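Visitor: Please show me the structure, and then let me ask on what grounds its parts get their labels.

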Amino acid sequence: MLSKVTLANTDLQVSQLCYGTNMLGWNLDQDRSNAILDKFAALGGNFVDSARSYGDWMPDAPKGASERAIGAWLKTQKREDVVVATKGGFFDMRVGDYRNRVNPTDIASDLNESLDHLGVDAIDLYWLHMDNPETPVAELIDFLNEQKAAGKIRWFGASNWTADRVLEANAYAKANGKTGFAAVEPFWGLAKPNEGNALQQGYQLYFEDHGAALKDAGVAIIPYCAQSRGYFSMLEKGDVAEALQGFYDNPANEGRFAAAKAVAQRHGVTVAEVVLAYLINQPGQVIPIFGASSPERVEESVKAASLKLSADELAELRAE
């Protein structure tokens with residue numbers, strides 16, 4: 001069972017793991033989505049992560065397919081029992097709008113659509129999906145505080161932002177008596193990416209290489225790609241998906257994979273559990289976002305929360 005923690009800087013009680021819902025509503029139909037979410041809740045999970053844009057890459061899916069699937073499931077739950085996070089400010093793929101939309105006007109549009117898709121009055125944790133360095137942090141923090149005051153969002157965070165911009169935004173908030181970013185959602189998992197190849201697939205700012213300044217900043221870290229897209233499990237089976245071969249073409253992974261196997265054998269668990277536990281056991285508050293396409297996969301992933309790793313083992317996994 002997953003235990004709950006208070007998300008830093010907020011009053012939100014969230015599970016140790018967050019379920020990432022990018023497959024719901026298009027790859028997984030409503031019945032399968034409900035089964036997965038039901039299993040997650042039964043195991044103590046209450047924290048789900050989505051985005052206004054999830055599913056929009058599939059022309060036959062409804063706009064905001066993931067959020068709509070969550071919204072349909074929420075009708076079977078007590079709203080206060082579920083912490084819903086979603087993101088806005090990404091490209092609007094349905095109309096081919098690929099300009100940077102991280103500005104108050106476009107985010108307001110995304111936020112209102114997310115509220116409608118989810119069927120809720122307020123979003124518990126609202127992420128800016130990306131950054132726009134041309135938009136001053138003051139404009140964004142002021143806007144997000146206005147939405148908080150209006151009751152549309154409870155707390156907010158930044159995804160795919162540089163550490164410097166997050167710190168700048170929170171310094172502005174503190175100096176002006178406003179709420180700042182409570183959390184960040186970075187790209188982070190045990191397997192290290194080939195940065196150039198990963199960037200071509202839209203993954204940037206790998207946290208271990210670019211987020212050190214945030215580790216002591218008092219914000220919660222809620223990483224996506226927390227299972228390294230299953231890379232080490234595929235390596236163990238000798239069958240790495242072609243799309244991941246270049247993505248994780250990094251010499252550091254040879255040592256990290258060997259360490260993951262050694263730690264897994266020592267604890268009598270799977271490599272997949274070690275990969276997720278690597279983040280759960282980090283210093284500070286780290287709540288990984290995991291993916292699962294079936295209730296059985298949810299159950300397997302939740303096992304990682306009970307695996308305790310020492311500081312020496314974390315260093316071993318980093319292949320230091």
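Guide: What follows is a set of questions about labels, each answered by setting a value against a definition.

Guide: This is a predicted model, in which local features need pLDDT of at least 70 and side-chain atom pairs count only at pLDDT 80 or more, while totals for chains, interfaces and linings use all residues. Residues are numbered from 1 along each chain as its sequence is written, and side-chain values use heavy atoms, with hydrogens and water left out.

Visitor: Why is His-117 called buried?

Guide: Buried means under 20% relative accessible area, exposed means over 50%, and partly exposed lies in between (1.4 Å probe, protein chains only). The relative accessible area of His-117 is 8%, so His-117 is buried. Its place is in helix α3; helices (H or I, at least four residues) and strands (E, at least two) are DSSP runs, numbered from the N terminus.

Visitor: What makes the pair His-117 and Glu-67 a polar contact?

Guide: A polar contact is a pair of N or O atoms within 3.5 Å; within protein, one must be able to donate a hydrogen and the other to accept it, and residues adjacent in sequence count only if both atoms are side-chain atoms. The side chains of His-117 and Glu-67 make such a contact at 3.0 Å.

Visitor: Why does Gln-201 count as partly exposed?

Guide: Gln-201 has 36% relative accessibility, and therefore counts as partly exposed. Gln-201 is found in the loop between α6 (195-200) and α7 (207-210). Its side chain reaches the backbone oxygen of Ala-243 at 3.3 Å. Beyond its neighbours within four places in sequence, Gln-201 is in contact with Arg-229, Ala-243 and Phe-247.

Visitor: Where is Asn-9, and why is it called partly exposed?

Guide: Asn-9 is in the loop between β1 (4-6) and β2 (13-15). It counts as partly exposed because its relative accessibility is 47%. Asn-9 also has a positive phi, of about 70°, although it is not a glycine.

Visitor: Why does Glu-273 count as buried?

Guide: Glu-273 has 12% relative accessibility, so it counts as buried. Glu-273 lies in helix α11 (residues 271-280). Leaving aside neighbours within four places in sequence, it is in contact with Glu-300, Lys-303, Ala-304 and Leu-307. Glu-273 and Ser-306 are 33 residues apart in sequence and 9.4 Å apart in space, C-alpha to C-alpha.

Visitor: What makes β9 and β10 edge strands?

Guide: Two strands pair if DSSP finds at least two bridges between them. The open sheet has 8 strands in the order β9-β8-β7-β6-β5-β4-β3-β10, with parallel pairing. β9 (220-221) and β10 (289-290) each pair on one side only, and these are the edge strands.

Visitor: How do you know that β3 and β4 pair?

Guide: 2 bridges join β3 (residues 18-20) to β4 (residues 47-49), and the strands run parallel. Tyr-19 stands opposite Val-48 in β4. Helix α3 (residues 104-118) packs on the sheet, touching β5 (83-88), β6 (123-128) and β7 (153-159).

Visitor: Why is β6 called largely enclosed?

Guide: 6 of the 6 residues of β6 are buried, so the strand is largely enclosed by the rest of the structure. β5 and β6 pair in the parallel sense over 4 bridges, and Gly-88 stands opposite Leu-128 in β6.

Conventions: Contact means heavy atoms within 4.5 Å. Axes are lines fitted to C-alpha atoms, for helices over the stretch in contact, and angles run from 0 to 180 degrees between N-to-C directions.
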